[in-house]
Structures are given as structure tokens and as C-alpha cells.
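Biologist: Can you walk me through this model? Keep it quick.

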Amino acid sequence: MQVLNAPTRQEVDNAHFKSSWLGIGVPSVRNAFRVSRFKTWCWVSLFLSSIPIHLLFNSAVFEVDRRESDFHLTIATEQFLHGGVFYPPGSSLAIPGLVFGDDSAILGYDPNSDYFIESTPWDHYYSYGYPVYKTDYKDSSSPAIANISDIAEKAATWERLELAECKAEYVACHGLKKRRSVVLVVNNTDGWIRDDIWHLNETEADFWDQRIPSGVPNHLFFDAQCAMVAALEGVSAGRSISCINNCVNAFGNDGDQDGVLNTTDWSYPFFDDSARVIVNGSQNDGGVYYPYQFNYSSPDSYIPGSPYHTMTSGLQRDSFNLSISYCLAEPVDNFCQIGLSPALLLGVVLCVIAKTATAVIVTIVLNRPEHKPLVTLGDAMASFIERPDPVTAGLCTVDQKQIRAAMRWKHAYLVPGPRQWTGLQQTWAAAIPISVWLISYVLFASGIATCAILLKQGLSTTSFLAGFLASDSNPFIPLSLNLIEGVLLANSPQLVLSFCYLAYNNLFTRLQMAKEWARFGEGYNPLRVTEPKGQQYSTYRLQLPYKYSIPLIVASAFLHWLVSNTIYVFVSTGGFYGTDSFNTPYGDGGDPSLPANTAVAVGYSLTSLVVLIIVSSVLVTIPPILAFKRLPSNMTQPGSNSLAISAACHSSAISRASKELATTQDSSLSRFELMPLSYAPVRTCSSVDLDIDLSSRRSSGKNSLRTPGSHSTLRSWFSENRTVGKEDGDGDEDEDTTRNPLRRLAQSKIRWGVISMPAEWYDEYGHDDPVEHLGFGAEEDKPKDPVPGHMYV
């Protein structure tokens, strides 16, 4: 894109004639719409096709997280695993589906409908598993009995988990990735006797005698089918998401998850206060009465027709306290999954095809001589030295700052002619216009401020920095998104980062141009050009040396990688995230463009965000530090401004270095005839008019570069005679260099300074003080540093 952005000599001449300028050696939006339409449209095509690639390519292929939500919970003794006697539903007599708190959510529904059995765990906040009919425990072939028998037979071979790991897996509630069902092995070798826990009335005893003998040890305490699901709503301080576990109270987590997780042991009362009220039908400790009415005529219900009567009373104090020794968890294979979005990949492929086609066309067209761009600073210098621009004749002491200042005034003129030299005390910063500094650092500050705001918001929902890069513990942005929306949101920082990198690279490019330009004020150096001739040389880079460009590329790659892991698309299957509590607009099916129970969210890593802020803050301090380096005081600083570069490149064909060359050519030609027209001396009557006038000169016309003479002879010459072709040298690259002293100069080692001229050249200037010539010269010219107070042209 920088090559497309680089102007040809004709485009530069056209801009100069319109009192404007183009950027040389740097990416420039100014150039984009001032070069040929072909290059403008190609530049726009490459620019626009880059945007979807930044937004889509990073997520066209993505990792798919899989987390299950359903699992089976069994609380039993160790003998249960080795043939010990057990009687479902267990000595707790707690039927799964025991409702937490007020049961009004289910009152009024048909108890015989599937709603009760198949309802989701988060609909009614069950705290002891999915509801099960008590009548299922009468049927030995029912799923409830079959599950318990299967676990008693196989669980002994499951993976043993110590308490901390078990609590982290099933109490911390992050979804199940490597394990499913679990058995909590209680420190009780003898089992439980029903009458030691319950003092049932006659009706209740008759009901349970059919299922669980009153005086026989039972090695099963409780069994239920459970589920845990994630939710974005109701997030408490210090947590990234909220989690609903419908067996939460069976694990002893009575609203105090941290308390369970932070203890080394695992002991708790199985029935909390609310559950004790339900199973006893009495008041709780706070005096609040839950009005459960027993219906002894229908012992399977506490309201007519309901299958949820507990049929219990007389719970004995401390008889239901449990002390967990360890856990046995059912291992499951966890396969890595990769997702691919055909729509996103198609968009990326189409953009790549468009970019490739554009690049091929550009390569073919720009290889033509008439379309040769001035890509590097050396390309422009060589062109201006070989074919001086008459528009900038006599402005050798003007720098880019003065030109920009003149252009800001509506009727200001830059008047050519001799001007007094003042010692310049400049730093590298002079090569970068204030507007470029301002725009770049507003962009940098906006990006860093956005990161800081996101970090503050993240720390308000989680009290720790969580994991580095993508992690289970990272927070999510609380938005319900489909895949395309998530990809665009997560990758939008990539686009911003790319703009920041372009601005950052542009600063280094301009600083490096200042350094490269300053070398010509310190010694003799060849020009670095795209196609070298003579003593010129070329490199594989555009403007930045490898010592800058390689670290910049590495930094850019690192930041893009860091950003992609700081804010990222999270796609999960398996049911833990794929519910309407997490992905509201699409219900339990999740994103309709993905498989069922697949959730999409955008997560972000606070730790990575901190690293990103620190690295970015350090990087943005480097250009200002480099900008404090001093530049030689014997040169103007044109920056990337084509007008200023052109003004400084008016070398003389009648200098000492060219004398010998001139005498070897046709003796009928005088030195002045050999000299380009722009160097024909112009007499002036007033030294005032020879000064650079940035404010006092006024005209009814637009901003312009005023040339000597009342009829602007040089500009007239440019407009009438400057055409692309053989006159410009574009069509005659094989011209004998010995017949073109300026071309010979451009292909030599050169230095900028005061050039000695023949006596007749000085005689042409009627000025009170001596006038000398500033420009580029070869070693034969022996350029000298300008002297403050002297007049130069």
C-alpha cells in the first residue's frame, strides 16, 4: 500500500504547481486521493479488503469449549461401593426435587404433566436435584433404581478425588469437562439406621416400611440427578459469572460457596434450616411458618394430587450431619474441538482473492516507466537533482514547517530569493509535523484508555485478575450475542491496533527519514533508491532499517497475539453455558447458526489486559525519547514534504564539479545554456521581496509559491513545457550520463552545503551582501557549512 501511496514525479509536479505538496517515503492519506485514480482505487481496494480480514480471519477457525451440565450425585458409605446393602432413596428419606424455600412456583400446575419432571433446574431453584416421583422407588426397573444400582456396581473403579479437588469440580460450579457423576464417600462405616434419624408417625412409618426397613443399616444416604448452569445475570462481586446448581444444598453449600471451598475438611448438615422446615412441617429458627398441609388420605402428596409430599417428621438433631472423606468421579473423554464458520471463512477468502488480484494488477502497471513511483527519500532526491523543479527554485532555505505555516494562511506566499541563514537547533522531532504527533497520540491514548475502562469494569465484577490469556476464570462481557456479533466485537480491537501500528510505524519512518536526510549534512553519502545506478545503493526495505522494522514487526505480532487472548470469542457446547440464562435471545438452543446448546460470549482476561496496558504505555514513550536526538544545524529539515525536499535539491550544473565536464562538451554551449532554466538568475530590486514572507504577503488568489518576476516566468515555463516524456528523462534512461551533469551528481556521493559558483553567477545578483548557493554537491565541489548571517539562494 505504501508503494501505491507513493507519487510519481508527474504527480508531484502537478501538486507543486497547484501550491500543494505530497508525502515522500511515508504512508499518507493525503497522497491517497492526490495520486492517479488507478492508484487511488487500488489503494482503497486494499484498504477496504483489509478490514474484514482483521475482523474475521482471527475467528474463522475457533476452539470450541465443551462443558457438561448434568451429573448424578450419590452420597453413601464406602461399603456401598463394595456390595453393602442399600435401600433407595436413602436413609435421608429426601426425595430429589425438594424445593428450596417457597413452593408457590409449582402450585397450580397439573402434577401429572411432564412439567414437573422435565423442568430445568434454574426455573424453580431446586436445591436437591431434579424432581422424582416417590412411586419410582417401588419399581425396580425404573430409571431411578437403575441409576443407583449401576453406580453401586461401577463407582469403585472411578477416579478418586481429594476434598479440595472435588469441591473445585462440583461446588465451585464451572461446568464439567473431564468428569460427570460423583459419589461423596461419607466417613461412616456402619451406614445409617432409619429410626436413628427419623421418629416418624404411624402413617409415615407404614409408608416407608415398604421401601426402607426401620432397623437395618442402609449404606445409601441420598441420590439425585443434578445440573449446574451458568448465568450472566445476578453476578455477585468477585465472580465472573453466576452459577445455578440444583443440588447446591446437598453439597452443603447453603449460600456460602466460599465457606465450603475455603475449608480443608468437608462437614455439613445435609438439611439446612429451610429444608428442615419442609421435611418436618414446622417453624424454622426465625419463626417463619411454611404452611405445608399433610394429606394422610393421599400419602404421596402434601396437596391433593401432588407427588411431592415428604412423608417425614421427627428429624433428630445432628443425625443428618455428614463428614465427607473423599469423592469418586466418573471420568469422561474430553476431546479438543475446533469450529469453523463457513460464512466467516468465505468472507476472508474473498478478501484475500481481491487483495491478490489487486496486487498482481498493481505490479504489472507500476512497472511501466511512466508510473515509476518515488518510494524512498532517495528516489525523490535523485529525481529533483536530475530534473530540478522550477516551482521551488530559490527556496533552498525553506523547511516543511515554513511551508505548512504558509499554507495555513489563505493568501500567503513563499517568495523565492536570497535569505539570511540562521543557525538551526533542531531535533528529530522537527521531521514530524505537530498534527501528526497529535493525531497519533490521540489514537494511542484512546486505545489505552479503552483498555483501562475495561479493566476497571472487570475488577468491579471480579476481585482478582484471574487467568492469563483465555481462561475459565475470566469474566464475560454481559451481552447476549450470536457468533457473527461476537466475532466482530472481539476482533474490533485488532482493527484499532492495526491503525495504532500504522501511526506508530509512521512516526518511526519520519524519524528515520530525518536521520537519513541529516547524513548529507555530515558527510558524503550515496542516495538509497529503488533502482540504483552509479554509486547509489538499494535495500530490501522501503524506508525503515531492519534494526527498527524487525522489532516493530515483532512488537506488532506480539500485541496482536496478546489482544486476541485478552478479548476473545468464547464458544461452548454441552449445556453448561447453552441456556437462556446465559444466551437469552436464543433460549436453550443457543445461537441458531450453531449446534443445539451452544453458547457464544465474549470473554476478556484482566491479567492480559494489565500486560497490554503496560506494554502499550512503554511503547508509546519511545518515539518522543528518540525525537530528542539532535539534528545537524547546517541543514534544513524537509521531513516528508515534497516541496521542501524539492527546494533543497536545486543543485548546480555550473558548479566547480561541473566545470571540467562542461568544457569537455560542445564548446559552443555556455555554462548558462547548460544550466537548467530554473537556475537562470533573476535580478531583484528589493531585498525585502527576497525574504520568505509567511504572513504579510497577500493576494486575491489561493495559497501559492510565488516565483520571481512579475509574470511568474518559471511557473509559466513549468505549465507550458513540463510534460512526462523524454524531456523529463522518463523516456530516455539510456542517455549518456556524461552529457547530463546533474544525473551524474545524483549517482555520486553527495553532501549538502555551500557550493562555489563561477564569478559570473555572483555578478547576476545585485544584492548588498554577498549571495551564495546552497545545495547538494559532490566531493569535487567541497560543500561547506552555511554561516549564520550570510545570504543564500
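This is a predicted model: local features need pLDDT of at least 70, side-chain atom pairs count only at pLDDT 80 or more; totals for chains, interfaces and linings use all residues.

Biologist: How many helices and strands does the protein have?

Modeller: There are 26 helices and 17 strands. Both are DSSP runs numbered from the N terminus: helices are H or I with at least four residues, strands are E with at least two.

Biologist: What share of the residues is buried?

Modeller: Of the 793 residues, 54% are buried. Buried means under 20% relative accessible area, exposed over 50%, partly exposed in between (1.4 Å probe, protein chains only).

Biologist: Strands now. Which strands does β2 pair with?

Modeller: Strand β2 covers residues 70–76. Seven bridges join β2 to β5 (residues 220–231), and these two run antiparallel. Four bridges join β2 to β4 (residues 179–186), running parallel. Two strands pair if DSSP finds at least two bridges between them.

Biologist: Is β2 mostly covered or mostly open?

Modeller: Mostly covered. Six of its seven residues are buried.

Biologist: Switching topic. How many salt bridges does the structure hold?

Modeller: It holds 17. A salt bridge is a side-chain nitrogen of Lys or Arg within 4 Å of a carboxyl oxygen of Asp or Glu.

Biologist: Which residue forms a salt bridge with Arg 9?

Modeller: Asp 13 does, with the closest N and O atoms 2.9 Å apart. Both sit in helix α2 (residues 9–17), four residues apart, about one turn of the helix. Arg 9 is buried at 4% relative accessibility, and Asp 13 is buried at 4% too.

Biologist: What does Lys 39 meet in a salt bridge?

Modeller: Glu 11, at 3.1 Å, N to O. That pair links distant parts of the chain: Lys 39 is in helix α4 (residues 37–60), Glu 11 in α2, 28 residues apart. Lys 39 counts as buried because its relative accessible area is 2%. Glu 11 is buried as well, at 11%.

Biologist: And Arg 179, buried or exposed?

Modeller: Arg 179 is buried at 8%. The side chains of Arg 179 and Glu 159 meet in a salt bridge at 3.0 Å, N to O. Salt bridges that share partners join Glu 159, Glu 165, Glu 169 and Arg 179 into one network.

Biologist: Last one. Which residues are buried in α10?

Modeller: In α10 (residues 202–209), Glu 204, Ala 205, Phe 207 and Trp 208 are buried. Seen down the axis, the buried residues of α10 fall within an arc of 160°, so they line one face of the helix. The arc is that of the directions from the helix axis to the C-beta atoms. These buried residues pack against α9 (194–197), where contact means heavy atoms within 4.5 Å.

Note on methods. Residues are numbered from 1 along each chain as its sequence is written. Side-chain values use heavy atoms; hydrogens and water are left out.
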